[in-house]
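Visitor: I'd like a walk through this model, and I'll keep asking how you know what you tell me.

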Amino acid sequence: MSATDEPTSGRAALANQLGTLHAKLREQGKTQKSAVEEANRRRRIAGDRAPGEPWPRRDGGLDLSVKTVNDWFPKRNASKTPSLPTDFEDLWAVVGVMLGWTGQFTDERSAERQRCAWKALYADAQRGSGLSEDVRVYLEAAREAARKHPHPGINLLDPPSLADVYVRQHSKPAAVDAHASALCDVPAVTTGGTGPSVPAEPAETMLRKADRMCVLIAGPGGGKSSLLRTRLRDVADKWLNGTEHAATAGTGVPIWVSARAFVGEETQVPDALAAATRKLSRYGRQPGLDRARFLERPCAGVHWQLLVDDLDELPNRAERQAVLEKLAHAVAAEPPLYRCVVATRPLTDNDLDVLDRVFGWQVPCYDLQPFTADDLYTYTESYFGTRWPKEEAARRAQHFTGALRSASLADLARTPLMAFMLCQLYFARRDRPLPAGRTEVYDAFTDLLYESNHSKRIAASHEGAIQHLVQSLQSPRARRETDEAAQQVHQRLPELIDYLAYQWLTGHQAPATLVLASHEDVRRPAKVSPERWDAFLEDLLRHTGLLVHYADGLGFPHQTFLEYHAARHATRDKQARTELLAQLFPASLPLHVPTFEPSYLGFLLDALFASPDDTARETISRIETLTCRGGTSACDFLVKQVALKTNLATEPTARQLTRFAQNRDLHGYDRVRAAVVLAGMDGCREAGMGRLIALADDPSVDDVNRLRAAVVLAGEAGCPEAGANSLIVLADAPSVDTAVRVRAAVVLAGMDGCREAGMGRLIVLADDPSVDDHARVLAAEGLVEVDGCREAGMGRLIVLADDPSVDDHARVLAAEGLVEVDGCREVGMGRLIVLADDPSVDNQPRVWAATAIAHADRDRGASLYARLANDPTLMEGRVQAAKALARLDGCQEAGTNWLIALADSPTLWFYRMNAAEAFAEVEGDQIRVADLYARLASDPTHWVHGRVQAAQILARIEGYREVAANRLIALADDATLEGRDRMEAADALAGIEGYRELGINLLTALINGSARGSMG
């Protein structure tokens, strides 16, 4: 749901409910005045007074005036804002009468449920549309915490605040599979001429979408945590500065929390959230919120936005899936309290499938894009600007990014964490050459943090900690034993930190001191208490700078630091390296690609390659054996390690990449990937370009990846002439997918010296009726972007939008394209309106046209949605239009009213359930949703399967299980229904908790031909 899916305030929600109840009362032929009079009569009787004797307030009575009550209810023309009852009991006195008269009290339990629901509604209205003081205090602390840079500094130079250096990244919808992700490199290309792929957009846009739950994916150090922190800071700023409020709060109230907080079967989501707020104590005065606070909305009409980080850091799949399932159920529950963004590295083994199972649809996933070359420069300039004046920072940034390119580190530095580390290294040792690869960057960085960090006086701090521990004892023997034990830990500290990282990475999740207690070099002296010894160990670890202190204890500043140190432990000696090599690349068949996460695997391989013994040679040999015999997985392994700048042997790696690029048994996506990374290797540019040229011109390769190869040639590979030739071949070939032909022409038109060639081909494609209609629209849109061709492109979009022989969807796309052209907005809008109103156009494109209008003009879009919802020729399109109207800012009530009307309409047949499901999705009020499903389950004009479905859904709404069961029992007992329908109802009843036995008995009786409805 979007921000407009929910009541804009608690008062509005209460007024809406009262209005709905009043309408039902009128259907019964009763009036609001008579309800007030009845409420007063009942209150007098309860107060031991005569029912007909007035009991005015001025005399201490409880009578309500008709005028006072009337002011609670919404007015038809919205001429007056409804007032809030001064007391819930006053409200309930009247509402209780109205509910009873409209048949909504079936028993005592239903009356109590209604009272609880109305009391919660009243409490929301009392809270109003602003945040309570406790939530504001939390946000103040959260904002302060989010300003801190997530990574440690070097020497005495603390890193700048995140806001000072943050560069906003982009995201794209994640490809369904690896091969489809080839399109990410070729914007606006389709897989089959059915419309453009979605281009990259600012990552913040993804966080503002209406998805109840989504997943943000990026590789190690890809900027996930920084994005979530920035989101938290920005939204907290809006709330605290008064620019965000319930009426516009599509953003919700954000809370950052690590995925680790949800681990454990007994840990509930509200408990984890409350614990996360308590960990902010250093940043504010009592920022902790109680768990009960997370069982209700932050304020009326507003949700909690959970920013869940570090999912990939959970050590095993079972834990990851358990956390995802827990979050999904919490988010999917009614009433909706949460929306959730989960950040993770790419996962394997279909970990995310559990989300789709819970929600019943595919949860959106987004790939966070790395820095572009411009982003990297901007980041570097901003970072250097924290040390030097602007002009000096710009000069140094220009020199530094050039040095990165010369050292073949530019691609690696597109990862935000790596850019941060390289900037810090530059600050610390500008006179030294840049590291040669990723592991060397980490070597240099950790050396500066610990071994060479003279300004932090680490050695003195450690000696002082040892002295303090020893001097806390009195006997010479105890002091000697303690000094020996402490000195041993001190001397072995780097190895102990590596051991700690390895234990944590392999799943031994325990505090640092508890993990180290299992190491042979850590022996607590007999006379030192466990508490004092643990404090000493923590002091030593913290002073190294390699670990940082979090609210729940010590930890590494980033997952990649954990992997780096764990790899050092896994390769610490000859025996360990031999065992690791056997684990990664077994000498015996069958061969298989190592299953370790690529980032950790890269650190392991670098350590093996740097071995002083024959391990390096053996590692190279086994990798070559694997990649010679392997297929897609082996190609993926090699490409990822080259991209990570793992120190693979150049000659055999280039040889294997060439082999992969030439292998016709591999998918074109993998072949192009191999050629691209080959071209990026030192000394292999010509070989890589040769492979790319061959792939771009090879008709046995799929069209999209031929295009991808040509685009890389024309751009990043630096071979524009060959790229242009390949693009011309693709654009001219009738056998090539038309959307690929169009994209090839677009790219061609944007290249220096190729404008005429690209423009001419776009004109031919846009005008050719034998070309797919969608591709013709793409060609016309591409023509608009070519210098001097705006009018030509615009004219063709008009022709396509007006041509009834063109596919309806393509006509909508053409009109939408016109809206985006400067000076043509109204031309396009007019055609979209015509298409939306045209009954000869298919249902779906009519709704799409209305949606395009709504994006450009809310009011006109709302009007169109309402017309479509009222159009009896549309059927399913009516439901889609009504749902879209309910999502439109300020139009929720109109849209939900249409959805109710459609769900109640017998002429809509099975689309009635679609309308009900849409209503449940956009309506935050549980009572209204349950009421609608209850009506559908009881409606004899509704088809039986739909009635059973409605009852099943009703049973899942808290407090309505009994009502749903009664509906199913009635269906199973109804002798006028066909036997299979009655059996379906009995079977559904057996699936409801507490009714299994009754359902089975009914089903058995029906199978035996003796159901109660047909007996005696």
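Guide: Let's begin with the inventory: 48 helices and nine strands make up the chain's secondary structure. Helices (H or I, at least four residues) and strands (E, at least two) are DSSP runs, numbered from the N terminus. Mind that this is a predicted model, where local features need pLDDT of at least 70, side-chain atom pairs count only at pLDDT 80 or more, and totals for chains, interfaces and linings use all residues. Residues are numbered from 1 along each chain as its sequence is written, and side-chain values use heavy atoms, with hydrogens and water left out.

Visitor: What is the mean pLDDT of the chain?

Guide: The mean is 87, and 92% of the residues reach 70 or more; pLDDT is the predictor's confidence in each residue, from 0 to 100. Over residues 176-198, though, the pLDDT is below 50, and that stretch has 51 contacts in the model beyond near neighbours in sequence. Contact here means heavy atoms within 4.5 Å. Where pLDDT is low, the predicted coordinates should not be read in detail.

Visitor: Why is threonine 619 called buried?

Guide: Buried means under 20% relative accessible area, exposed means over 50%, and partly exposed is in between (1.4 Å probe, protein chains only). Threonine 619 has 0%, so it counts as buried. This residue lies in helix α26 (residues 615-629), and touches Leu581, Phe585, Leu605, Leu608 and Phe609, leaving out residues up to four places away in sequence. Across the chain, 52% of the 1016 residues count as buried.

Visitor: And why does threonine 277 count as buried?

Guide: Its relative accessibility is 0%, so threonine 277 counts as buried. Threonine 277 sits in helix α10 (residues 269-278); beyond its neighbours within four places in sequence, its contacts include Tyr138, Ile255 and Phe294.

Visitor: What makes a set of residues a nonpolar core?

Guide: The members must be buried Ala, Val, Leu, Ile, Met, Phe, Trp, Tyr or Cys residues, joined through side-chain atoms within 4.5 Å. The largest such core has 255 residues, and Trp118, Phe384 and Tyr933 have the most contacts inside it. Its largest share, 10 residues, comes from helix α16 (residues 416-428). Apart from it lies another core of 66 residues, among them Tyr138, Val257, Val269 and Tyr338. Back in the 255-residue core, phenylalanine 384 touches residues including Cys423, Tyr426 and Phe427.

Visitor: How do you know that β4 and β5 pair?

Guide: Two strands pair if DSSP finds at least two bridges between them. Strand β4 (residues 253-258) and strand β5 (residues 304-309) have six bridges, in the parallel sense. Proline 254 stands opposite glutamine 305 in β5. Both strands belong to an open sheet of seven, in the order β2-β1-β7-β3-β6-β5-β4, with mixed pairing.

Visitor: Why is one side of β2 and of β4 left without a neighbour in the sheet?

Guide: β2 (201-202) and β4 stand at the edges, each with a single partner strand, so one side of each has no neighbour in the sheet. Even so placed, β4 is mostly covered, with five of its six residues buried.
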